Amino acid sequence: MAWLGISEQVKESFFTLGGIFTLSLPCLASRLPSDSDNPLSGLQSLGGPFAMRNETLGKHFAFSPRNLEDGRLYTLVTSIFNHGGMDHFIGNMSILIPVGHDVHRRFGRKHFLAAFIGGGVAGNLAQLAEYVYQQLQWQEVLPSPYTWSIFGESFNSTIESWQKGALGSVYTSVNAWRASIGASAALSGLVAIQACANIRSLISNLQELRIMRRTGVHDRHREHILYMESLYQLSHLFLTTLVVYEDASRLIDSTSSDKGILRTLVAYSSDGIGHAAHIGGFLFGVLYFFCILS
């Protein structure tokens, strides 16, 4: 019966992860050159969703301030299933399979999908928040007309309003079209849930080991299992901490106020990686774990 239970868990997880993989295929196939050696390029012959133009992908399967301004709110979700290429897709799938299966096994399909989609949406909103923050910083990159001590207060107000408007136009023309795509933020939500679950399990294992020592219980097999589980959990938490630290440090560095004019203008997308999205997805996963799963 135990074997059947594990088999059922694997089957359920396989269908869920396979569904995410399948939903990602149309955008991935559409991005490939028609003469590509990749077998997925053959899907383009089916037409329809497998042969979308770049304009369609950019408008309907990418989250950007421009798309949000145009009312395409659904891109908060559809962008999760659009990847920049095979390397981007394979990288995300290599995380989704082990992490996704573990979260699916522990908490079931409903919570897996809620965390996955919720993490992706939260990541996109976090990226939007960074966009707004960087825009506000950019609008302050030049000295205020009030510091010129040339004109009167009313004229200074008019000049400052014009200056901020002009700077805002420059900023949006450079950054508003830059899109967030991929499942990285959604995966960050799953990683956060796995990390929180591992912390809870680690504490439980250490408490059990402590009780076994206090009561004089000698079960070498059980102790071995607890030590191996604890070692895995500590290793996972260490790697997770490194990744989160890297994203957080890059994000903090991009939001510093002493970058200079050019770096301030391009700070929103200087390295092409959505660090704010990763942090947003991760924070969503932490909140989901403690508010819903605990």
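## Helix α10 and its neighbours

Helix α8 passes helix α10 in a left-handed crossing (left-handed if the near helix is turned anticlockwise from the far one by less than a right angle, right-handed if clockwise). The contact is made by Thr240, Val244, Asp247, Ala248, Arg250 and Leu251 of α8, together with His275, Ala276, His278, Ile279 and Phe282 of α10 (contact means heavy atoms within 4.5 Å). This is a predicted model, in which local features need pLDDT of at least 70 and side-chain atom pairs count only at pLDDT 80 or more, while totals for chains, interfaces and linings use all residues. Residues are numbered from 1 along each chain as its sequence is written, and side-chain values use heavy atoms, with hydrogens and water left out.

**The chain overall**

- The secondary structure comes to ten helices and zero strands; helices (H or I, at least four residues) and strands (E, at least two) are DSSP runs, numbered from the N terminus.
- Of the 294 residues of the chain, 41% count as buried (buried means under 20% relative accessible area, exposed over 50%, partly exposed in between, with a 1.4 Å probe and protein chains only).
- Among contacts between residues at least 6 apart in sequence, 77% join residues at least 24 apart.

**Helix α10**

- Helix α10 takes in residues 275-293, and its 19 residues should span 27 Å at 1.5 Å a residue; the end C-alpha atoms are 26 Å apart, which agrees (the expected span is 1.5 Å times one less than the number of residues).
- Its buried residues include His275, His278, Phe282, Tyr288 and Leu293.
- The cover over the buried residues of α10 includes α5 (86-139), α7 (184-215) and α8 (220-254).

**α8 against α10**

- These two helices pack at an angle of about 130°, with their axes 8 Å apart (axes are lines fitted to C-alpha atoms, for helices over the stretch in contact, and angles run from 0 to 180 degrees between N-to-C directions).
- α8 and α10 are therefore oblique to each other (angles under 35 degrees count as roughly parallel, over 145 as roughly antiparallel, 65 to 115 as roughly perpendicular and the rest as oblique).
- By class, the contact of α8 with α10 has six nonpolar, three polar and two charged residues (Ala, Val, Leu, Ile, Met, Phe, Trp, Tyr, Cys and Pro count as nonpolar, Asp, Glu, Lys and Arg as charged, and the others, Gly among them, as polar).
- α8 has 35 residues and reaches 51 Å from its first C-alpha to its last, close to the 51 Å expected.
- Thr240, Asp247 and Leu251 are among the buried residues of α8, and what covers the buried residues of this helix includes α5, α7 and α10.

**α7 against α10**

- α7 and α10 pack at an angle of about 45°, their axes 7 Å apart, and that makes α7 oblique to α10.
- Here the crossing is right-handed.
- Among the residues that meet are Ser184, Ala185, Ser188 and Arg200 in α7, and Ala277, His278, Gly281 and Phe289 in α10.
- The residues of this contact of α7 with α10 divide into 13 nonpolar, six polar and one charged.

**Two buried residues to look at**

- Alanine 185 sits in helix α7 and is buried, with a relative accessible area of 7%.
- The C-alpha atoms of alanine 185 and histidine 275 are separated by 9.0 Å, although the two are 90 residues apart along the chain.
- Leaving aside neighbours within four places in sequence, alanine 185 is in contact with Gly119, Gly120, Gly123, Ala277, His278 and Gly281.
- Asparagine 124 is found in helix α5 and is buried, with a relative accessible area of 5%.
- Beyond its neighbours within four places in sequence, asparagine 124 is in contact with Phe63, Thr75, Leu76, Ser79 and Ser180.
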